Amino acid sequence: MDTLKIFNSNVVIQRFFYSGNFVNQLKLTALSFSSTCPKKRSISASTAPVGTGGRHFHTAASNHRNTSCFSHMAAPTSDGHKEDVKDDRISRITSAIRVIPDFPKPGILFQDITTLLLDPVAFKDTIDLFVERYKDKDISVVAGVEARGFIFGPPIALAIGAKFVPMRKPNKLPGAVISQEYSLEYGTDKIEMHVGAVQEGERALVIDDLIATGGTLCAAISLLERVGVKVVECACVIELPDLKGRDRLGDKPLFVLVS
């Protein structure tokens, strides 16, 4: 998870870092990210130490979604603007995602998708909405980002007739791998996929459960593009818009269900 950029009404930046699911506030400071994903080179970003995980939190100081309210799909249009798509399924999905206040520490709102997985109707709604969007886009690869991309990616891939390719953390895949290194605040990290898993000219969907600052999705895009794959779109169940991850994707469209 990348360093968080949280803006309040006075446009003051609060800086946080985390280890695992533990978030710590640092001093107030200005922090900037590259606005787009560099192609065919390492991703530069400010992120957490190597091997850390857990992106499912927000801060009480920032705007956050109210799970009792009707939500919407944010679907990018051809001119880059969002298209609001009203659908009762979105309301069910939103209601099924549990937001746990003050976890793992006071002031944090943790976005918990495990309750969505416990609801067969809402879980099916989630998969169905993605399948409806991508079934006619000639996608041959669904690339899932570790780890929760592994939950949503395979059923989507099966439904649209594509193969599923896991994008894993280092030293998790056996055999020959291709790696994409990207910068962290305290070092570097990598994501990897098997050599030969994708072929030049294939069309890919990159999927994860949540986008925060967008660093991992940027790395996944660069890894696929290095071997000549066309990334059609990125898709996530949840977006934390305050963290500006969509901006970091540059010209790559992002489709989310709940924001």
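Colleague: Is Asp251 buried or exposed, going by its relative accessible area?

Modeller: Let's set the scale: buried means under 20% relative accessible area, exposed over 50%, and partly exposed in between (1.4 Å probe, protein chains only). Asp251 is exposed, with a relative accessible area of 59%. Bear in mind that this is a predicted model, where local features need pLDDT of at least 70, side-chain atom pairs count only at pLDDT 80 or more, and totals for chains, interfaces and linings use all residues. Residues are numbered from 1 along each chain as its sequence is written, and side-chain values use heavy atoms, with hydrogens and water left out.

Colleague: Which side chain meets Asp251 in a salt bridge?

Modeller: A salt bridge is a side-chain nitrogen of Lys or Arg within 4 Å of a carboxyl oxygen of Asp or Glu. Here Lys252 pairs with Asp251 at 3.8 Å, N to O. Lys252 counts as buried because its relative accessibility is 10%.

Colleague: How many salt bridges does a search of the whole structure find?

Modeller: It finds eleven. One of them joins Arg133 and Glu233 at 2.7 Å, N to O. That pair links distant parts of the chain, 100 residues apart: Arg133 lies in helix 3 (residues 120-134) and Glu233 in strand 14 (residues 230-239). Both elements are DSSP runs numbered from the N terminus (helices: H or I, at least four residues; strands: E, at least two).

Colleague: Why does Arg133 count as partly exposed?

Modeller: Because its relative accessibility is 22%. Glu233, at 6%, counts as buried.

Colleague: Which residues are linked in a network of salt bridges?

Modeller: Asp87, Arg89 and Glu132. Within that group, the closest N and O atoms of Arg89 and Asp87 are 2.8 Å apart, and both of these residues are buried.
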